[in-house]
Amino acid sequence: MPRTRVGVFVCHCGNNIGGVVRVPEVVEYARTLPNVVYAEDNLYTCSEEGLSSIREQIREQALNRVVVASCTPRTHEPLFQSTCEEAGLNKYLFEFVNIREHCAWVHMHDPARATEKAKELVRMGVAKACYLEPQEEFESEVFPAALVIGGGMAGMTAALALANQGIKVHLVERGPHLGGLVRTVQTLFPTEQATAEVVHPLIARVSAHSEITLHLESEVEDAAGFIGDFDVSIRSNGELQDLKVGTIIVATGAEELRPVGLYRYSELPNVVTQLEFEEKFKTGAELPDSVVMINCVGARVPERTYCGRFCCSTAIKNAIWLKEQNPQTNVYILHRDVMAYGVDIEKFYRRAMELGVRFVRYDLESPPVVLGEGRAEAVRVQHQLMGRELDLPADLVVLTTPLVPREDNERLAQLLKVPLGGEGFFLEAHLKLRPIEFATDGVYVCGSARYPSNIPESVSQAYAAAAKASIPIGEGLVRVAAITAVCDERACSACGNCVEVCPFGAIELREGRFGKSAYVNTAQCKGCGCCVAACPSGAMQQRGFDDRQLLCMIGALAEEMTDGTAAP
Amino acid sequence: MAQQPPESGGNGFEPRILVFACNWCSYAGADLAGVSRLQMPASCRVVRVMCSARVRPEFVISALCKGLDGVLILGCHPGECHYSEGNYFTRRRGLLLRKLLEYVGIEPERFQVRWVSASEGAKFAETVEQVTEQIKALGPNRPGIGLSTDPTRR
């Protein structure tokens with residue numbers, strides 16, 4: 001066995017880590033640790049520059065262990081592991097130390113303690129790395145079917161994109177029909193096309209596709225398993241049905257905020273939301289003579305800080321529609337800023353102004369007030385440019401509210417073991433680099449489940465999610481991480497504890513060279529390590545998480561205290 | 001960033017706590033706390049395991065015997081284990097282990113088992129805060145009062 005030679009690469013992550021943790025000090029410290037023969041810092045270890053430095057140092061310094069101290073293994077471990085492999089180092093000789101999510105970002109105002117903590121984490125990582133062993137991976141088959149949860153624009157598009165590649169798709173929709181939220185919208189911006197013209201052909205194609213199995217009025221009840229082999233149970237009309245799929249796309253959309261308590265909504269009959277306006281007035285109700293729309297209702301406020309992104313476009317669209325029905329209608333849009341982004345929507349905004357829609361800016365300190373007894377009669381607004389209050393007559397007040405996460409998100413997130421962001425929308429693995437993937441392999445997200453998305457955005461995201469979800473199915477095999485359990489039959493007393501606790505029935509007792517002992521079926525082992533902790537004789541171990549590795553991390557953490565050296 | 005003087009608790013004691021977090025829920029929850037920039041005491045050092053049930057009781061005893069002030073095991077909520085039932089073992093072992101710790105003279109509060117899901121960044125931060133406060137109140141761990149030697153030392 002050659003001498004252990006550890007290389008440590010500490011990442012600044014731009015200012016993310018380097019702005020809090022004193023990275024050069026951590027590197028200096030790493031150089032003093034046992035078995036560390038090389039240490040350096042990188043502006044971004046995950047950049048090509050950082051990665052080629054790892055490859056170079058593996059060769060030049062003959063490194064046989066690599067430790068990277070940067071972000072989280074949940075997003076970046078595969079990248080660094082494959083970098084090690086490219087330089088001829090078995091990827092299981094790589095150890096990750098998290099000094100960003102678990103250190104710099106949560107101790108931003110305490111650089112001294114953050115630096116000390118980063119040093120300790122590196123010390124623990126190096127200690128474990130010394131005991132790592134090379135491993136061989138196993139391959140496991142991918143079940144050739146996908147699950148799409150949600151039958152709105154995003155879900156239908158993703159399902160079609162998969163099915164057109166010949167992949168079997170289960171499309172689960174909670175409601176009685178496909179189409180999602182957009183079904184309640186009558187016309188679309190900026191083309192002013194009838195929604196039915198866009199959505200109905202898609203529904204027809206999805207419903208008729210031979211590779212798509214539709215599950216209407218169905219909900220995901222339970223989910224278990226891994227990429228390539230998910231067991232999902234859905235409840236349809238009270239009956240449970242089990243599905244086996246290789247990948248999962250979350251396209252559950254979002255819902256319009258009902259602004260109860262704001263601007264006398266739900267108190268006065270003629271105060272409605274944009275979606276209610278679509279449903280009621282664009283389908284034949286008598287049209288009012290003067291309409292005041294209030295934007296940013298319940299959005300960009302302290303309790304809901306995000307921007308609904310396309311609500312401004314929706315208000316502009318409905319204002320234009322009113323002007324087109326009757327040019328004499330007075331239409332006001334009270335806004336805080338108009339988000340008319342992109343190449344087409346700005347033109348649309350200009351068109352509204354040309355048609356005579358009046359835009360009045362208000363601010364959050366003096367919001368508009370809806371006036372009237374029994375029904376809204378006027379809206380009082382502090383006109384910023386005129387510097388005085390105006391009473392705008394109103395037969396109808398339309399409140400523009402953002403989409404909000406579905407209440408069910410929490411439950412679904414728990415089932416699929418994927419995170420939600422602070423606002424309650426699903427959270428992808430990386431905002432910029434992995435925008436439609438979850439950190440959990442084999443699960444993807446698209447459409448308004450992630451954040452309010454209009455149709456073109458939902459469709460592009462759905463294509464992306466379908467492309468990603470089809471890769472493992474196309475490859476047919478996924479490599480299973482070599483973190484499975486293994487039994488040392490010489491130490492095994494065949495007590496059978498491990499057989500009892502294994503959730504997957506992967507262990508059996510067998511007669512062998514050293515008498516009866518436990519035997520792990522690697523194909524069935526999922527690498528939880530339950531059996532290892534249950535083994536009284538230490539015969540059972542988990543690759544990559546064995547007792548020596550974990551105990552020496554504990555030892556490394558405790559070390560400093562027994563030396564008596566204190567933090568600064 | 002301007003360097004700030006270290007904040008000190010009532011007695012200036014800053015506990016050091018070893019945390020085992022399962023890969024699927026709690027480690028992801030800890031990541032989410034970071035992504036959300038939730039600030040918390042710099043008391044915890046997280047060791048990633050695939051499942052909370054991987055944590056051998058010896059690890060906890062070893063950490064406390066070596067002088068760490070506390071050990072926290074974090075797993076998925078009961079019923080939501082990625083491996084379907086691992087955290088039930090964790091829960092049962094945890095209860096037994098606390099009794100054992102008490103028996104040998106280590107304050108059982110130094111060892112805690114909590115549940116944090118992948119979507120509960122805020123709960124992770126709260127848990128770190130709470131457990132840090134509790135262990136601060138106990139004061140530094142003085143190993144050797146109960147178990148004189150580390151049983152895991154080989």
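Which residues have the most contacts inside the largest nonpolar core? In this predicted model, they are A:Ala69, A:Ala158, A:Ile249 and A:Val397. The core itself holds 233 residues.

Now turn to where the chains meet. On chain A, 54 residues are in contact with 49 residues of chain B. Several helices of chain A give two or more residues to this side: α3 (73-86), α4 (100-104), α5 (111-130), α11 (409-416), α14 (530-534) and α15 (547-563). Of these, α15(A) gives the most, with 10 residues. By residue type, the side of chain A that touches chain B divides into 31 nonpolar, 12 polar and 11 charged.

Chain B is next. It has 154 residues, and 57% of them count as buried. Its elements are 4 helices and 4 strands. Read from the N terminus, they run β-α-β-α-β-α-β-α.

How do the contacts of chain B divide by sequence separation, and what percentage comes from residues 24 or more positions apart? Among contacts with a separation of 6 or more, such residues account for 81%.

Key
Residues numbered from 1 in each chain as written. Chains lettered and ligands numbered in written order. Predicted model: local features only at pLDDT ≥ 70, side-chain atom pairs only at ≥ 80, totals over all residues. Core = buried A, V, L, I, M, F, W, Y, C linked by C-beta atoms within 7 Å. Buried ≥ 20, exposed ≤ 12 C-beta atoms within 10 Å, placed from the backbone. Contact = placed C-beta atoms within 7 Å. Nonpolar A, V, L, I, M, F, W, Y, C, P; charged D, E, K, R; others polar.
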